Amino acid sequence: MPKRPGKDDPESKFSQQQSFVQILQEVNDFAGQRELVAENLSVHVCLELAKYSQEMKQERKMHFQEGRRAQQQLESGFKQLENSKRKFERDCREAEKAAQTAERLDQDINATKADVEKAKQQAHLRSHMAEESKNEYAAQLQRFNRDQAHFYFSQMPQIFNKLQDMDERRATHLGAGYRLLSEAELQVVPIIAKCLEGMKVAADAVDAKNDSQALIELHKSGFARPGDVEFEDFSQPMNRVPSDSSLGTPSDGRPELRGPGRSRAKRWPFGKKNKTVVTEDFSHLPPEQQRKRLQQQLEERNRELQKEIDQREALKKMKDVYEKTPQMGDPASLEPQITETLNNIERLKLEVQKYEAWLAEAESRVLSNRGDTLGRHTRPPDPPASAPPDSSSNSNNGSQDNKESSEEPPSEEGQDAPIYTEFDEDFEEAPASPIGHCVAIYHFEGSSEGTISMAEGEDLSLMEEDKGDGWTRVRRKQGGEGYVPTSYLRVTLN
């Protein structure tokens, strides 16, 4: 959002600023749609996938545990098979050894009959034990081969199939999340397209010409262009009074005494700004800026005055009600507020009168500067002449240009802009054709240069329309052209 309210921000008048604010609003709407997408994804996609992921982990863990249990059983059967095998091998070696011992004693002539019988019984026992170990080993081998076949051909395929099914279901859920993502995006595409279209419209609304004119209206000074530099004869002392219309005029408007070797500082347009003391009548500002600030202050005082008047009327009505109905309140309790309101009204009336006087003086100065500039604009550059004085100073050299007097315009409307445009060729010597006619509604005394007098009801030729500054260029039937207030005319175009 802008740092200052629109009515207080001078940059709000520029189309580029208005377009930027509009683009920010569109970006805000764009961001709102992105937040909506993020919310949908968070609720319908991320949470669901996170929950399903936990379920997948538990299921995967269960399948692996099942596989490990089956494998442990198979490993246990293999160990039993190995034990029965080793026992069968050991019993075979013992039976063979016992048979060899019995045969050796049987062939030994020194051996007794009892020893031979005992050796044969031992060989027969070992042979029987080897036979039992053989049968046990064969049974264990058959059992292990059956378990191993069951493990590799039944149990493991089932477990892998379950894992495969689990992974396929995971991929299916993930694809559904992707689909929800695309659907959430598609839902906001039309609104985002409108946001982008609004940004494009805002970009197309930037008007450089109007912005430059608004900048001129906002910062124009109202100073007149300086006149020709006069020749200063240093062979004899002189006292000179410069014109307020010159860029070198002192801010207080008092005559400046100069002697040989003393020069007057100029206000160069691109020079550094000096520190100025802020005054209540804004005389530290250029004429046009001073007029605008005074007009703003006057409007604020008038609003405050109207507010106090309304409050006074409300207090009077409340007092009348209290007098007619004492139980509702004491009329005397309102006297301090009424007195305070009356004091505020008197104070504001004095301030309004003060600002009206300052505003009239500022408008007179602005209008005088316009007249001076127009006069210099129409005169040929030679012979050289000094800048004519305005209504606030008198020349001590006997100049005849002192007939110029400050003319206060009939209304404040239309005084925000100069009555000429610097680069318009308004005063070409070739006569221009009228673009319409007009009738003077009021009498106007054109005392400033660039203006023209007219009588009430006089028919005039319209030479140039009002450019938004409150002045219109006309031509009288008996000759002579100049500017008159637009509000004094009833205009009809050809």
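This note goes through the predicted model point by point.

1. **Ground rules.** This is a predicted model, so local features need pLDDT of at least 70, side-chain atom pairs count only at pLDDT 80 or more, and totals for chains, interfaces and linings use all residues. Residues are numbered from 1 along each chain as its sequence is written, and side-chain values use heavy atoms, with hydrogens and water left out.

2. **Fold outline.** The protein chain has five helices and five strands. Along the sequence the pattern reads α-α-α-α-α-β-β-β-β-β. Helices (H or I, at least four residues) and strands (E, at least two) are DSSP runs, numbered from the N terminus.

3. The protein chain has 494 residues, and 31% of them are buried. Buried means under 20% relative accessible area, exposed means over 50%, and partly exposed lies in between (1.4 Å probe, protein chains only).

4. **Contacts along the chain.** A contact means heavy atoms within 4.5 Å. Take the contacts between residues at least 6 apart in sequence: 68% of them join residues at least 24 apart.

5. **Confidence.** pLDDT is the predictor's confidence in each residue, from 0 to 100. The protein chain averages 79, and 77% of the residues score at least 70. Over residues 240–264 the pLDDT is below 50; this stretch has 58 contacts in the model beyond near neighbours in sequence. Residues 377–429 also stay under 50, with 120 contacts beyond four places in sequence. Where pLDDT is low, the predicted coordinates should not be read in detail.

6. **R476.** This residue sits in strand β3 (residues 471–476). Is R476 buried or partly exposed? R476 counts as partly exposed because its relative accessibility is 22%. Leaving out residues up to four places away in sequence, R476 touches I452, S453, E458 and L460. R476 and M454 are 22 residues apart in sequence, and their C-alpha atoms are 8.1 Å apart.

7. **V491.** Strand β5 (residues 489–493) holds V491. V491 is partly exposed because its relative accessible area is 39%.
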